[in-house]
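Could you walk me through this model in my viewer, one selection at a time? I would like to know what to pick next and what I will find there.

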Amino acid sequence: MKTIKIILKNLALALFFFLALFLSAGRITYRQGWLYVAMYLIMTAMTLLSMRGNTELMNERVNPGKGIKKWDKILLGISAPVYLIMLVVAGLDSGRFSWSPDLHWSLYILAVMLTLSGHSFFLIAKRQNKFFSTVVRIQTERGHTVCDTGLYKIIRHPGYSGMMISTLGFPLLTGSLWSFIPVLTSVLILLIRTHLEDATLINELEGYREYTLKTRYRLIPGVW
């Protein structure tokens, strides 16, 4: 029943995003739009398959418990309209008014690679960390502990790294260079969220401060 609820929620969200993109483009023959649809459906299928057999994590991601940070609610509230703006700008640009020049076919291949590799990185991180929630909170009732294996040996927030990689592929995927503006805004929000989440875990999760001494970088090895 929980799986069906997740599928229906994802389908409803997908339909909303698709309508926003194609209505902005003003035509059904928007090939970049159909490429986006294909990638979105593939990523949704990957996400659902990755959650099979993990009821506890599925419950946490669908219905997070108490203790969600107020600043995280604000950032998530900002992220949703920013993503919608990305779609609208892309549709108006490459779908309707052609503000951006036509991109070479190789850039679309690069976009697919960025999108799928970033999402795969995100899903691996989620699979390796049983406390991987959609919100920032200390999951006391689940016995929250530090995850320091797999990708988490290399960087402290591999899920966010994967999200950034796939997000940066969006302008090339839709052929809209103007959509880089909201995309970079989305990346900035992720950077802020990473910083605030890291500080929260250092102050509130036992063992995390020691973990940061072993795994020094948050998102990019050797950089930050």
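On this tour, contact means heavy atoms within 4.5 Å. Keep in mind as you go that the model is predicted.

Start by selecting F18: setting aside its neighbours within four places in sequence, F18 is in contact with Y36, V37, Y40 and L41.

Now widen the view to the largest nonpolar core, which has 21 residues. F18, Y36 and F170 are the ones with the most contacts inside this core. Colour the helices next: α1 (2-25), α2, α4 (70-97), α5 and α7 (170-174) each supply at least two of the core's residues. Which helix gives the largest share? That is α1, with six residues.

Apart from this core lies another, of twelve residues; to find it, select L123, A125, L151 and Y152, which are among its members.

For the next stop, show helix α2 (residues 31-50) together with helix α5 (residues 105-128). Their axes are 11 Å apart, and the two helices pack at an angle of about 20°. Angles under 35 degrees count as roughly parallel, so α2 is roughly parallel to α5. Turn the view to see how α2 passes α5: the crossing is right-handed.

Finally, bring up the side chains of this contact. On α2, select R31, Q32, L35, M39, I42, M43, M46, T47 and S50. On α5, the partners are Y108, V112, T115, L116, H119, S120, L123, K126 and R127. Colour by residue type, and the contact of α2 with α5 divides into nine nonpolar, six polar and three charged residues.

Methods. Residues are numbered from 1 along each chain as its sequence is written. This is a predicted model: local features need pLDDT of at least 70, side-chain atom pairs count only at pLDDT 80 or more; totals for chains, interfaces and linings use all residues. Side-chain values use heavy atoms; hydrogens and water are left out. Axes are lines fitted to C-alpha atoms, for helices over the stretch in contact, and angles run from 0 to 180 degrees between N-to-C directions. Helices (H or I, at least four residues) and strands (E, at least two) are DSSP runs, numbered from the N terminus. Angles under 35 degrees count as roughly parallel, over 145 as roughly antiparallel, 65 to 115 as roughly perpendicular and the rest as oblique. A crossing is left-handed if the near helix is turned anticlockwise from the far one by less than a right angle, and right-handed if clockwise. Ala, Val, Leu, Ile, Met, Phe, Trp, Tyr, Cys and Pro count as nonpolar, Asp, Glu, Lys and Arg as charged, and the others, Gly among them, as polar. A nonpolar core is a set of buried Ala, Val, Leu, Ile, Met, Phe, Trp, Tyr and Cys residues joined through side-chain atoms within 4.5 Å. Buried means under 20% relative accessible area, exposed over 50%, partly exposed in between (1.4 Å probe, protein chains only).
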